[in-house]
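I opened my notebook beside the viewer and wrote down what I looked up, one entry at a time. Here are the pages, friend.

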Amino acid sequence: MKNRLGFLCLLGFVFLALAQCTVPASEFQLEGDYLIGGLFDIHQVSAPLYHDRPEAIDCSSQSFVLSHYRMFQLMRFSVEEINNSTKLLPNVSLGYEIFDHCSDTQSFPGILNLILVNGMIEPWGEPHEQQTHKSIESKVIAVVGPFSSTHTLTVAPLFMVDLIPMVAYGSTSSVFSKKAKFPSFLRTVHSNINSIEVIFNIVQHFNWRWVAFLNSDNDYGIDGQELFIKRIKDTEICLAYTKGLGDKPDYSQIFKQIEAQRIHIIIVFAPEMTAEALIESAIQLNITNKVWIAGDAWSLNKRLPKTKGINNIGTVIGLSQPLQTIPGFNDFIYASKSQNNCLNAEQNMFCNQVCNCSNLRGVDVLAADPSFSFPVYSAVYAIAHALHHTLQCGSGRCNGNIKVYPHMVLAELKKSNFTLLNQSIQFDENGDPKYGSYSIVFWNHSGDAEEIGFYELYPRVNFFINNSKIQWYMDGEVPTSVCSPECPVGHAKTQNGIHKCCFTCEICLNGTYVNSTEDPYKCIQCKKTEWSAEGSTSCNLRVVEYIPFTDSGAIVIMVGAWVLVGLTAAMSVLFAINYNTPIVRSAGGPMCFLILGCLSLCSTSVFFYFDKPTTSFCILRFLPFFLFYTVCLACFVVRSFQIVCIFKIAAKFPKLNSWWMKYHGQWLVITVAFLTQALLLVICYSCAPPKPYNETVWYPEKIILSCDLDLKTFSGSVILLLSLCSLCFIFSYMGKDLPKNYNEAKAITFCLLLLILTWIIFATVNMLYRGKYIEILNALAVLSSLYSFLLWYFLPKCYIIIFQPHKNTKQYFQGIIQDYTKTISQ
């Protein structure tokens with residue numbers, strides 16, 4: 001431990017020997033019971049310095065920054081105001097030791113002097129009583145500054161070792177919020193996180209999507225760039241171009257690239273000097289029609305808004321620290337500038353405590369950028385209040401017996417809670433301020449930074465911009481900045497390249513929609529229960545349609561089915577009464593009752609074409625018709641065959657006729673057909689039973705409830721029906737030359753022609769129309785198939801039985817047969 005401290009001391013003396021600096025001004029020093037260190041880059045190194053041997057830089061030879069000199073004077077004023085206070089630190093005087101920290105790499109002698117001034121600090125503990133050498137507590141209890149994040153990152157570790165509080169007034173890099181690395185760091189200015197949030201809100205407020213981000217190539221600018229990239233992630237804002245502005249940037253090339261990408265919004269996140277050089281180059285290069293968003297480091301610059309040609313570059317808006325008038329500061333400046341503060345030139349003082357600014361007028365100082373005035377003022381007061389509590393000054397007098405160490409002041413600093421100029425000063429757990437706001441400013445045509453809005457951070461976030469106060473370069477219209485114009489309503493974006501802001505537009509097709517708030521890059525498929533027209537932004541519920549039992553068409557079909565059942569019953573009774581008559585016998589005898597019964601059973605399927613389809617409805621819609629209509633067709637096949645056999649085969653093939661009669665061939669055929677169809681239906685219903693089906697293709701705005709019948713699975717049953725129908729037609733057609741008065745074959749042929757025509761018509765309509773009324777047409781086709789046999793085969797026979805009984809005699813039928821036999825033999 002002692003070796004390390006000795007090394008630090010030796011390093012300080014080496015720097016002192018190399019520096020050879022003399023004759024500073026007394027403004028940099030003030031004696032007091034306790035000292036506050038100050039680091040202000042009153043001068044700034046404008047270009048890198050190279051040396052062939054180690055030496056400290058002479059800051060007074062560098063570029064003078066008036067706004068930072070104003071901050072330096074604010075610290076002096078704050079300390080003197082506290083010393084004149086009777087409430088804060090009574091009977092205790094504050095002093096200061098301030099250094100011009102113009103370089104982050106060559107201003108270490110001042111830093112080491114602050115650590116070692118008036119004694120030696122032993123890290124991680126207080127001096128032990130048994131020490132033989134004289135060890136005094138350090139009078140430097142805290143340090144204000146430095147301003148830039150890079151300077152702070154360089155020197156902060158030296159103060160963190162001994163937990164010397166650093167209260168920064170301008171270091172905004174987000175890295176300082178990490179207490180593991182910077183345990184004794186606090187600041188009275190908000191982090192870059194908050195600055196970037198304000199910039200983001202400005203960009204979003206004006207709906208700008210295509211922006212450039214120019215930042216200083218240092219810790220402050222790089223941190224801002226990284227935070228901005230992180231903030232715009234998953235938003236509609238795209239970073240079209242970004243560039244770090246180093247020592248000698250090629251402004252011409254930078255602006256060429258910005259123009260090439262049609263960027264109209266340029267965010268400049270850089271210190272004042274860097275921003276000045278950029279804006280002046282833009283004026284010289286005749287860059288026009290841009291919106292410049294200024295960071296708080298240069299938004300209140302006093303010189304640029306009055307520069308010739310500044311109005312040509314476009315519109316400048318930005319964020320700034322809120323302007324706070326500090327009572328008494330003006331009088332202090334005028335009084336300070338009227339005094340001669342120079343000491344004896346022969347008196348040796350420490351390095352970089354000279355200003356070379358005695359010729360400055362008070363009005364010049366007060367006219368400088370006031371951006372960080374209140375942060376400096378509140379930083380000094382925060383340290384004073386912490387010391388006040390450390391010394392237990394609550395009783396009106398401070399306890400002089402307390403040995404004060406920096407870590408004790410740090411503990412009180414973290415608990416800060418006092419009011420300063422109507423502002424409650426507090427710090428959060430990261431050492432960041434829990435108070436304050438940002439002002440939104442606009443550079444008007446008069447050359448002033450006019451306040452047009454605000455961004456409040458505490459107690460809650462509140463953002464406001466008065467658009468009417470902004471004089472846009474586009475004659476009142478807010479400029480736009482997009483890579484691609486927004487898509488029309490109902491169009492989805494297709495990204496071009498790496499930027500999501502560059503895209504083409506494609507209209508969303510029927511059945512899809514685009515939700516621009518959730519995902520503007522995708523046409524979303526509607527649900528099956530919804531529909532959308534082309535170019536939609538949402539889906540509509542489909543209208544569900546089916547034929548209820550109460551539909552007029554359904555009622556007509558069902559009445560027709562009941563009439564058919566009644567007719568079959570009546571015909572069965574009539575045939576039973578006249579069972580032994582030739583007409584009934586020629587119609588098929590007992591087979592007639594089977595046909596009529598099957599026609600009645602087939603009609604039951606008609607009732608299941610209506611109402612909302614269910615699985616059972618779908619099964620019963622097809623099962624009765626397939627099964628019992630097979631029996632009907634088998635009966636007519638047998639009946640057609642028998643007609644031909646009786647009149648033709650009996651004459652030429654008597655043995656075949658004998659075999660047919662002996663083994664009851666007709667019933668054998670009917671039974672085989674019935675069992676075959678039953679087996680096929682069992683297989684079909686086991687593999688793929690008919691089920692409810694929603695028709696959503698033909699009508700996008702409707703859902704037609706129907707039953708799905710897999711024709712491939714049921715092809716066996718359909719083929720059996722078609723085969724029976726074909727055989728029936730062939731046999732009946734063979735009997736076309738039978739006696740004119742014996743017209744059963746012709747009746748069967750006519751019935752089959754009606755049957756075929758009915759289903760051809762239905763199949764044609766089914767291909768052209770899939771609306772809800774297709775169910776009525778299907779039921780009508782079924783009913784027509786049943787009525788074709790009932791009306792054109794059985795009804796004529798009923799007519800003869802009732803109205804022409806003379807034709808229903810054996811003599812009449814025998815005469816017809818004898819006449820036909822004679823005709824064949826001739």
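This is a predicted model: local features need pLDDT of at least 70, side-chain atom pairs count only at pLDDT 80 or more; totals for chains, interfaces and linings use all residues.

**Entry: cis peptides**

I started with Pro146, which sits in the loop between E6 and helix H4 (149-160). Helices here are DSSP runs of H or I with at least four residues, strands are runs of E with at least two, and both are numbered from the N terminus. The bond from Gly145 to Pro146 is cis, and its omega is near -5 degrees. I then looked up Pro459, in the loop between strand E17 (449-456) and E18.

Residues are numbered from 1 along each chain as its sequence is written, and side-chain values use heavy atoms, with hydrogens and water left out.

**Entry: positive phi**

Asn289 lies in the loop between helix H8 (272-284) and strand E12 (290-294). Its relative accessible area is 42%, so I put Asn289 down as partly exposed (buried is under 20%, exposed over 50%, partly exposed in between, with a 1.4 Å probe and protein chains only).

Asn422 is not a glycine either, and its phi is positive at about 65 degrees. I located Asn422 in the loop between strand E14 (417-420) and strand E15 (423-426). With 79% relative accessibility, Asn422 is exposed.

**Entry: the open sheet**

Next I traced the open sheet of six strands, ordered E1-E5-E2-E6-E7-E8, and noted that the pairing is mixed. I count two strands as paired if DSSP finds at least two bridges between them. Strand E1 (29-30) and strand E8 (185-187) are at the edges with a single partner strand each, so one side of each has no neighbour in the sheet.

I zoomed in on strand E6 (residues 140-144) and strand E7 (residues 166-168), which run parallel and are joined by two bridges. Val143 has Met166 of E7 as its bridge partner.

Two helices lie across this sheet. Helix H2 (residues 66-83) lies across E1, strand E2 (34-40), strand E5 (94-100) and E6, at about 170 degrees to E5. Helix H11 (residues 373-390) lies across E2, E5, E6 and E7, at about 160 degrees to E6. For these angles, axes are lines fitted to C-alpha atoms, for helices over the stretch in contact (heavy atoms within 4.5 Å), and angles run from 0 to 180 degrees between N-to-C directions.

**Entry: cysteines**

How many disulfides does the structure hold? I got eight, taking a disulfide as a pair of cysteine sulfur atoms within 2.5 Å. I looked at some of them.

Cys59 is joined to Cys102, S to S 2.0 Å. The torsion about their S-S bond is about -80 degrees, so this disulfide is left-handed. Cys59 is in the loop between strand E3 (43-44) and strand E4 (63-64), Cys102 in the loop between E5 and helix H3 (108-116), and the two are 43 residues apart. Cys59 is buried at 1% relative accessible area, and Cys102 is buried at 4%.

The sulfur atoms of Cys483 and Cys502 are 1.9 Å apart in their disulfide. Here the torsion is about 105 degrees, so the link is right-handed.

Cys618 and Cys707 also form a disulfide, left-handed with -80 degrees about the S-S bond. Cys618 is in helix H16 (residues 615-652) and Cys707 in strand E27 (residues 702-708), so the pair ties together parts 89 residues apart in sequence.

Cys632 is in no disulfide, and the nearest cysteine sulfur, in Cys598, is 4.7 Å away.

**Entry: a helix pair**

Last, I checked helix H20 (residues 744-768) against helix H21 (residues 774-803): their axes come within 9 Å and cross at roughly 175 degrees. That makes H20 roughly antiparallel to H21 (under 35 degrees is roughly parallel, over 145 roughly antiparallel, 65 to 115 roughly perpendicular, the rest oblique).
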